[in-house]
Amino acid sequence: MVNQKISHRPTICYRPIQPSDLEVLERLHADIFPIRYEEEFFQSVVHARDIVSWAAVDRSRPNGHSDELIGFVTARIVLAKETEIGDLLIYDPLKPDQTLVYIMTLGVVETYRNLRIARSLIRQVIKYASSIPTCHAVYLHVISYNIPAIHLYKKMSFKCIRRLQGFYLINGQHYDSFLFVYYVNGGCSPCSPLELLVAAVSYMTSSLKTVAARLRKNEEESPKLPK
């Protein structure tokens, strides 16, 4: 369904972010996020310096804006062993080149929201990560009050694996963050908290059954006293 705030039927296309996008990219980040990003970050994005990115544009947009950003996603490759989720992945420690893709920023212009653009941008990242044989997951942080984003990641099969207390500091106030992971190329968690709980309960149940069986056996083998 077309957003009612748009006066035309959009034709959404995706391409890499390029140097000519710099001014709009900076403006959109300032409009969308409460966090301010350094100029070095934007220069790294538009010149692809250790950062990969995708832009969403509306080819049907009038007045010469058909190639202007209406959405974006930025990400970078990191070594698995150097990340905060390295302990939550099954990977071979003898292969130091194993990697993850970290989504740094994701945003869509307000008038173009609810058109599945953010979902498509995330899919671009997942496709990219899946094309790297050494990559095992895509991960990101989301502030705890961003409910629409949390619902989106869950719908896209991201797993919420941690809540980080006071992760963000915005205008002098701390906010929690959720850590989401999407596994690719056979990557997986060594054991989820639920699996640990199930395993513990199973172990305890098995132990109790063993103790009960031994007690019954001892009772049967003990000599009967005469009446």
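How many bridges join β2 to strand β3, and in which direction do the two run?

1. The model is predicted: local features need pLDDT of at least 70 and side-chain atom pairs count only at pLDDT 80 or more, while totals for chains, interfaces and linings use all residues. Residues are numbered from 1 along each chain as its sequence is written, and side-chain values use heavy atoms, with hydrogens and water left out.

2. β2 and strand β3 (residues 69-79) run antiparallel and are joined by 6 bridges. Strands (E, at least two residues) and helices (H or I, at least four) are DSSP runs, numbered from the N terminus; two strands pair if DSSP finds at least two bridges between them.

3. Ser 53 lies in strand β2 (residues 52-58), and its bridge partner in β3 is Thr 74. Ser 53 is buried, at a relative accessible area of 10% (buried means under 20%, with a 1.4 Å probe and protein chains only). Beyond its neighbours within four places in sequence, Ser 53 contacts Arg 15, Pro 16, Ile 17, Val 45, Val 73 and Thr 74 (contact: heavy atoms within 4.5 Å).

4. The sheet is open, with 7 strands in the order β1-β2-β3-β4-β5-β7-β6 and mixed pairing. β1 (12-15) and β6 (159-170) are at the edges with a single partner strand each, so one side of each has no neighbour in the sheet. From one strand to the next, the twist averages 25°.

5. Helix α3 (residues 117-130) lies across β1, β2, β3, β4 (99-108), β5 (135-143) and β7 (173-183), at about 160° to β4. Helix α4 (residues 147-155) also packs on the sheet, touching β4, β5 and β7, and its direction makes about 160° with that of β5. Axes are lines fitted to C-alpha atoms, for helices over the stretch in contact, and angles run from 0 to 180 degrees between N-to-C directions.

Terms used. Buried < 20%, exposed > 50% of the residue type's maximum accessible area, 1.4 Å probe, protein only.
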